[in-house]
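User: I would like to learn how to read a few features of a model. Please take them one at a time.
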Amino acid sequence: EYLVEVQDVKKHFKSGANQVVKSVDGISFAIRRGETLGLVGESGSGKSTLGRTIVGLYEATAGQVRFAGKPLTGHTREERRAFDRQAQMIFQDPHASLNPKMKVGDIIAEGIDAYRLARGKARQERIVQLLEKVGLHAEHARRFPHEFSGGQRQRIGIARALAVEPSFIVADEPISALDVSIQAQVVNLLEDLQREEGLTYLFIAHDLHMVQHISNRIGVMYLGKMMELAASDELFREPLHPYTQALMSAIPGADPSQRETRERIVLRGDPPSPLHPPGGCPFHTRCPAARELCASELPAWREVNEDHWVACHLVEG
Ligand code: SF4
Ligand code: MG
């Protein structure tokens, strides 16, 4: 049932002589085959780092990622290659992630070449097929990335990811850099491709609004930890964690039926630096509901309703 299982994963980075940034600090959840799991959090919350750790671009400092039941570590070279093909990534800035000196056809074929999936005429046909799949045209293969708009470049990035026929894609803020008018088109494309190719997505964004429609479930991160995870509808209907409630209250018209009862919650201060995360609940310095206990004790990550997980001392269940 689960394609990806993340078990108490940490990813810490050394910073300077003797500092450590705990970008991902003990996260557990799982992604079902064929679902889209949305992942939201402010910049610095560790969501990109978590995404990269799950696709194996980073090695976890502690804990384990399992893909299709197998741990990512301890692979033979062949297994590793097979995994790398299965798990692909789409990036936020398609401009930075596409080599400006390469023709689009060759960019898309990077994986085809690396895994020797096709050569000559078959390779060319595959490139055309991929371009058409993402709404571009055969003649685009001969052009260079700078000749395309932001939305088209994101389509090129998507075609490149699809070229190796992955089963899992981490989309790291794939629409954040695009015009609002283009965002829905890229989301629709990703949804169509998911149906056609049977893909599983981890879809990262900095706000809830962007992941609401595409996600089956949504996880909310803060300072390297997961605060809450639930089905998209349930999270919007009944956010349990004070941080999720604050994010929800900031979405204009997110839920018209509750707009009057749901007051805008303004959080005090900025998120603390990941270099000096507060002890106890990482959210306690900004939480409107914080109690004394919150500053000293880390709340457990618990399933409070079926498939609804939360880390907060005040949530019963
Ligand atoms: Fe707020 Fe305490 Fe819950 Fe953390 S554990 S979210 S500080 S109430
Ligand atoms: Mg990021």
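User: Over residues 4–248, what percentage of the chain is helix and what percentage is strand?

Analyst: This is a predicted model, in which local features need pLDDT of at least 70, side-chain atom pairs count only at pLDDT 80 or more, and totals for chains, interfaces and linings use all residues. Residues are numbered from 1 along each chain as its sequence is written, and chains are lettered from A and ligands numbered from 1 in the order in which they are written. Helices (H or I, at least four residues) and strands (E, at least two) are DSSP runs, numbered from the N terminus. Over residues 4–248 the chain is 38% helix and 27% strand. The unreviewed UniProt entry annotates this range as "domain: ABC transporter"; such annotations may be inferred rather than shown by experiment.

User: Which residues of helix 7 are buried?

Analyst: A residue is buried if 20 or more other C-beta atoms, placed from the backbone, lie within 10 Å of its own; 12 or fewer make it exposed, and counts in between partly exposed. In helix 7 (residues 150–162), the buried residues are R153, Q154, R155, I156, G157, I158, A159, R160, A161 and L162. That is 10 of its 13 residues.

User: Why does I158 count as buried?

Analyst: I158 counts as buried because it has 26 C-beta neighbours inside 10 Å.

User: Which residues does I158 touch, not counting those up to four places away in sequence?

Analyst: Contact requires C-beta atoms, placed from the backbone, within 7 Å. By that criterion I158 touches I90, V134 and L189. I90 is 68 residues from I158 along the chain, yet their C-alpha atoms are separated by 6.3 Å.

Terms used: The expected span of a helix is 1.5 Å times one less than its number of residues. Two residues are in contact if their C-beta atoms, placed from the backbone, lie within 7 Å.
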